[in-house]
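Please read the numbered points with the model in view.

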Amino acid sequence: MERSELPSPAKDYFVEGDLVGVMTTQPFDRVLDYRAPEGGCHTGAFVEVPLGPRKVIGVVWGPGRGDFDRAKIRQVIRVLDVAPMRAEMQAFLHRAADYTLTPMPAMLRLATRAPGLANPPSMQKIYRAGQGTPDRMTDARKRVLAVLEDFGGLAFTLGELSQQAGVTTSVVKGLVKQGAVLEEDTPRDLPYPRLDPDRPGKALTDDQAAAADSLRAGIAGGDYGTTLLRGVTGSGKTEVYLEAVAETLRQQRQALVLLPEIALTSEFLTRIEARFGARPAEWHSGVTMTERRRTWKMVGEGGCQVVVGARSALFLPFQNLGLIVVDEEHDTSYKQEDGVLYNARDMAVLRASICGAQVVLASATPSLESWANAEAGKYKRLDLTARFGAAVMPDMRAIDMRAETLPASRWISPSLQSAVNARIAKGEQALLFINRRGYAPVTLCRACGHQIGCDHCDARMVEHRFQKRLVCHQCGETKPIPTVCPACQAEDRLAAVGPGVERLTEEAQALFPQAKIATLSSDLFGSARALKDQIREIAEGDTDIVIGTQLVAKGHNFHRLTLVGVIDADLGLQGSDLRAAERTFQLMRQVAGRAGRSDKPGTALLQTFQPEHPVIRAILSGDEEGFWRAEADERRQAGVPPFGRMAGIILSSPDAQEVFDFATELARRDAPVRAVGAQVFGPAPAPIARIRGRHRVRLLVKAPKGVALQGAVAQWVGQLKPPSNLRLNVDIDPQSFF
């Protein structure tokens with residue numbers, strides 16, 4: 001089956017014995033023919049079919065082809081007891097596959113990522129928090145009760161609860177006997193509690209009310225539309241789009257809210273519960289398998305009104321989707337960088353256009369793509385220009401590091417140190433920000449100059465001193481921190497070079513010995529729950545200094561935080577990434593926006609060696625429109641996104657010569673892309689030329705805006721069959737170039 005071929009709408013129901021075409025998640029290039037089962041089946045039905053000796057799940061895609069011996073065609077085993085896939089979902093998967101040049105089975109895998117779909121309806125024992133108090137409290141019992149509290153009343157199976165708490169099942173059973181945990185028999189996959197859209201929300205400012213009215217009108221119209229909701233940090237964008245969610249519920253439709261970071265979900269779920277009287281469904285990697293299955297099924301049956309999730313929630317089988325909110329729409333984590341390569345922001349717009357839903361793209365610092373679409377009139381734009389309540393935007397200033405005197409092994413300037421001390425003396429919080437995980441990015445031998453690298457990648461290993469390990473941030477390989485240079489065998493000559501968040505913590509502990517310091521970095525927490533606990537402690541004011549990576553830039557409200565110090569504002573300006581200026585601008589404005597979100601004014605200090613750099617000047621001046629216009633002009637002249645089109649071809653193989661020879665031959669046969677006015681650059685080794693033992697080569701395709709690039713690229717790469725060890729991935733609209 002060709003990727004662009006849609007299932008035939010001519011026949012919706014197939015009686016027993018009819019020939020049906022079933023799309024499976026297995027890597028075949030066509031639908032497979034089967035005979036309809038006893039009782040027949042509809043187009044879109046999820047079915048279990050035999051495939052060799054195995055049983056696999058698939059979807060009835062339409063009538064079968066019947067282009068081979070019918071006597072060999074096997075029968076569908078059974079139709080699964082789940083809502084059938086809607087035609088609009090099939091259309092979305094097809095169009096997403098066409099856009100990203102992804103085989104349909106891989107797209108279908110994204111739409112069936114729920115455990116136990118083939119399990120029949122049944123009863124199960126679940127465990128919730130009870131009202132009783134244990135006669136004796138142990139650490140193990142505390143952990144069980146803490147898990148139940150942290151997950152806000154969600155149900156667990158016995159195995160899931162004991163695993164989350166790190167205890168044996170007997171500990172849970174003991175708490176059941178004492179009434180501290182309830183054990184209930186319940187049907188699997190119950191509907192979620194109904195949310196009440198007419199509960200009163202927070203009082204809105206005039207700006208917020210006008211924006212909310214505009215969003216409500218769009219939803220009431222029942223048609224597709226995309227709105228860029230741009231508001232300065234702390235302006236109350238969430239309250240505005242929650243009014244859009246309320247209107248969606250009044251229209252008896254479903255809403256999806258995408259968040260860029262799991263750590264943000266806890267606070268956000270609490271806000272939803274306060275606004276609508278019940279918690280929504282969650283969909284992300286931190287949710288139990290029981291809840292994932294329940295969410296998937298209830299979304300398809302209409303037993304779930306609102307989902308809060310990560311980018312993969314876009315592929316849930318919504319019955320009547322009316323609104324998609326993409327919060328922090330500029331965030332790079334919305335781009336899936338492995339497997340199926342897609343941008344959730346763009347796919348949200350595509351899905352909404354198919355099912356007649358509204359999209360709200362919310363950000364204080366929009367992506368240039370969204371800004372340009374709003375300028376061109378493709379998206380509506382709503383602006384919130386002031387912070388909510390008494391809060392005002394922080395005062396932003398640069399610290400010129402060329403004028404500061406500090407030792408070579410120090411990164412916190414005297415000016416920033418003085419500012420932090422002043423805040424601590426007032427009982428306020430300070431945030432020190434550096435966008436580097438670990439202790440130091442390089443470990444260098446002072447005897448021979450050797451830099452310790454990964455054995456499997458062309459990348460330097462990062463020292464994580466808190467874990468006493470060196471870690472490769474490309475493949476995850478770790479090794480103990482050595483005492484002897486692996487190249488020259490010199491002892492005690494290895495030195496950590498450059499700062500990471502752990503090294504900054506060590507320096508802060510020495511400079512501010514009386515301060516309580518918390519470090520926020522994704523790799524320092526064993527679970528999403530532990531990270532949420534730390535964020536809650538900071539928000540409650542139990543910390544003087546927060547030290548963090550870009551994790552702290554995303555949506556957190558620390559009410560005592562009045563000072564943000566950026567250790568290296570120049571870090572993102574290095575390299576050849578066409579989005580370097582945009583990303584630096586967004587990150588600096590976002591992290592600075594953590595300061596002064598309550599009634600006390602905030603200050604953001606940026607340590608820089610280039611205070612005259614146009615990006616640094618734009619950050620400090622707050623002239624965001626001026627920055628976007630200048631950045632747009634540069635991109636337009638260069639013919640790069642969003643004013644041109646690009647595609648990346650990433651080839652990898654264990655054999656360096658093989659992958660380079662194949663890439664060279666592919667570049668030589670570039671006639672199909674040249675025919676549409678595109679250019680091919682490369683091949684060239686990728687910036688990180690080897691990952692997990694595979695050598696990587698890239699080609700870049702650049703084309704004018706409006707060119708039908710996907711068809712030309714598909715024809716181009718289809719000319720050559722890659723050797724068995726060679727992988728070829730196509731990245732339409734690449735976001736990174738590593």
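At what angle do helix α4 and helix α5 pack, and how far apart are their axes?

1. Basis of the note. This is a predicted model, in which local features need pLDDT of at least 70 and side-chain atom pairs count only at pLDDT 80 or more, while totals for chains, interfaces and linings use all residues. Residues are numbered from 1 along each chain as its sequence is written, and side-chain values use heavy atoms, with hydrogens and water left out.

2. Helices α4 and α5. Helix α4 (residues 158-165) packs against helix α5 (residues 169-177) at about 110 degrees, and their axes are 8 Å apart. This makes α4 roughly perpendicular to α5 (65 to 115 degrees). Helices are DSSP runs of H or I with at least four residues, and strands are runs of E with at least two. Axes are lines fitted to C-alpha atoms, for helices over the stretch in contact, and angles run from 0 to 180 degrees between N-to-C directions. Leu158, Leu161 and Ser162 of α4 meet Thr169, Val172 and Lys173 of α5 in a contact (heavy atoms within 4.5 Å).

3. Helix α11. In α11 (residues 368-375), 7 of the 8 residues are buried (under 20% relative accessible area, with a 1.4 Å probe and protein chains only). Among them are Leu368, Trp371 and Ala374. The buried residues pack against several elements, including β10 (225-231), α10 (344-355) and α17 (624-638). Just after α11, Gly377 has a positive phi of about 85 degrees.

4. Gln254. This residue lies in strand β11 (residues 254-258) and is buried, its relative accessible area being 4%. A polar atom of the Gln254 side chain is 3.1 Å from the backbone oxygen of Val299. Gln254 also touches Thr248, Phe318 and Leu323, among other residues, not counting those up to four places away in sequence.

5. The sheet. Six strands form an open sheet in the order β17-β27-β26-β18-β25-β24, with parallel pairing; two strands pair if DSSP finds at least two bridges between them. The edge strands, β17 (395-400) and β24 (517-520), each pair on one side only. From one strand to the next, the twist averages 20 degrees. Within the sheet, β18 (residues 429-433) and β25 (residues 545-548) pair in the parallel sense over 4 bridges, and Ala430 stands opposite Ile545 in β25. Helix α16 (residues 614-621) packs on the sheet and touches β17 and β27 (603-608); the direction of α16 makes about 145 degrees with that of β17.

Terms used:
Parallel < 35°, antiparallel > 145°, perpendicular 65-115°, else oblique. Buried < 20%, exposed > 50% of the residue type's maximum accessible area, 1.4 Å probe, protein only. Polar contact = N/O pair within 3.5 Å; in protein donor to acceptor, adjacent residues only side chain to side chain.
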